[in-house]
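Visitor: Please take a close look at helix packing in this structure. I would like the geometry, then the residues that make the contacts.

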Amino acid sequence: MTLPTSLRAPQRTTPSATRRPRRWCRVLPAAAAASLLLVACGSGDGGAKKPGAADDPSAQLLVWTDSTRQPGFEQFKKSHPNVPMKIETYDTETLLTKIQLFNRTGKGWPDVLFSQVPNDVAALSSKQYDFAEPLDALIPADVRTGFGKSNADCTIDGKLYCLKNDLSQSVLWYDKSLMDQFGYQVPTTWNEYRDLGLRVAREHPGYIVGTAGFKFLYYDFFWSSGCPLQQVTGPDQVVIDTKDPRCTRVADLLDPLIAAGSVSRSGPFDTDVIKLGQEKKILMMPGASWYGDFVFKPDNSFKSAKGTIAAAAYPTWEGESTNWSGSTGGGIYMVSKHTKNTKGAYDMAQWMATSNEYQSTAATYPAYGPAAQVWSSRVNADGFYASDPFPVLQKAADRVNPIEANTRYAIEAPMTATVVEKVRGGGKIADGLSELDKQLTQLAQMSGYTVK
């Protein structure tokens, strides 16, 4: 399958539904230029459908999607021949700029939009873009219930603005054959993970238990820890505080392992880590639910042998009663408030997110619970895993730490320019936290947030 370039290391691909920085209307001053971009210039209400205007069920629906979801929309078109629709792929990097242009000209908006970037819902539901239509009215309550907690970050100020397509909950991937060979037990707490990592460094130098040199460091560790970097506390209010113990404990966990060599200073898609994978020297790796199929399995990645890789529950942080997960992505469907065929657009978005016909063959874990159950049969029949990973993935799906939410400011670029840069340059995670705090605070304030 073809996947987006934004998450690739050279010659590598990863699943398409994940958070990526976006070009905004203003950029930060030169001192913070590496941290990217900012939300939102204002827009008018353009050609928004007037209150009380009649809906036209025969109006053609324009769909914007990525290439990975395009076959799903084609399936919908084939099974719903009476729904007039046009399907187009689009450049995700220019999405927000184009929406602003359409707002000025009063035409051109897509009726149904699939976005790889969950943060887009925070922008497109805001006054600056005024695009996303609340979905509460026409999505049946039982369907909404079927998503469990998956749509939590689609809900903004009490209204549901998107439907999740897939989840990217964090689990602890491990090589069962190596764990058995070395006589190690799978850690259930992060303290056990740290102790095992230090033991691996002593007893089996050259083997690793994770990576820290990539932007996914945020999702795999900071998010699961509850570090307030995207903590939305009210309309246009966020908490950003890298001095919080839930942030500093990530550094306290990983910095000793990085120094010892059992956590790599590279990322999972760098050639040196791929080489370790192919040499069977990766003992464990915290990461997204799609790592099994898209990191461990492919021939151009770790090329792990069949029957060796398993998934375990994410470890628990000290003082926590829940083993919280992070979330490395999860694409979303939105409906335009400008559509002239509201019910048709709602029905299409709902079908894409919930249809067993489509989701049973999806590349990644479906967000809709009943569809995930059907999808599990594909994983069970795969033959790649040492044991069925679905029960672990299913439990993690409801344990994505709710402290973080979608925001109008991006986080990956600042994380890369500060903490990750320190790690890759031979320094510590702790060394980059204050600059990360500064850059995120600037981004949030320029995006219209009050930062506490």
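Guide: A crossing is called right-handed if the near helix is turned clockwise from the far one by less than a right angle, and left-handed if the turn is anticlockwise. The model is a predicted one. Two packed helices are described by the angle between their axes and the distance separating those axes.

Take helix H13, residues 369-380, and helix H14, residues 390-397: their axes lie 11 Å apart, at an angle of about 155°. Angles over 145 degrees count as roughly antiparallel, so H13 is roughly antiparallel to H14. In the sense defined above, H13 and H14 cross in a right-handed way. On the H13 side, the contact involves Ala372, Gln373, Trp375 and Ser376, which meet Phe390, Leu393 and Gln394 of H14. Sorted by class, the residues of this contact are four nonpolar and three polar, with no charged ones.

A second pair can be set beside it. Helix H6, residues 190-203, packs with helix H8, residues 245-260, at an angle of about 10°, and the axes are 9 Å apart. Here the cut-off is an angle under 35 degrees, so H6 counts as roughly parallel to H8. H6 contributes Trp190, Tyr193, Arg194, Gly197, Leu198 and Ala201 to the contact, while H8 contributes Leu253, Leu254, Pro256, Leu257 and Ala260. By class, the contact of H6 with H8 has nine nonpolar residues, one polar and one charged.

How values were computed:
Residues are numbered from 1 along each chain as its sequence is written. This is a predicted model: local features need pLDDT of at least 70, side-chain atom pairs count only at pLDDT 80 or more; totals for chains, interfaces and linings use all residues. Side-chain values use heavy atoms; hydrogens and water are left out. Axes are lines fitted to C-alpha atoms, for helices over the stretch in contact, and angles run from 0 to 180 degrees between N-to-C directions. Helices (H or I, at least four residues) and strands (E, at least two) are DSSP runs, numbered from the N terminus. Angles under 35 degrees count as roughly parallel, over 145 as roughly antiparallel, 65 to 115 as roughly perpendicular and the rest as oblique. Contact means heavy atoms within 4.5 Å. Ala, Val, Leu, Ile, Met, Phe, Trp, Tyr, Cys and Pro count as nonpolar, Asp, Glu, Lys and Arg as charged, and the others, Gly among them, as polar.
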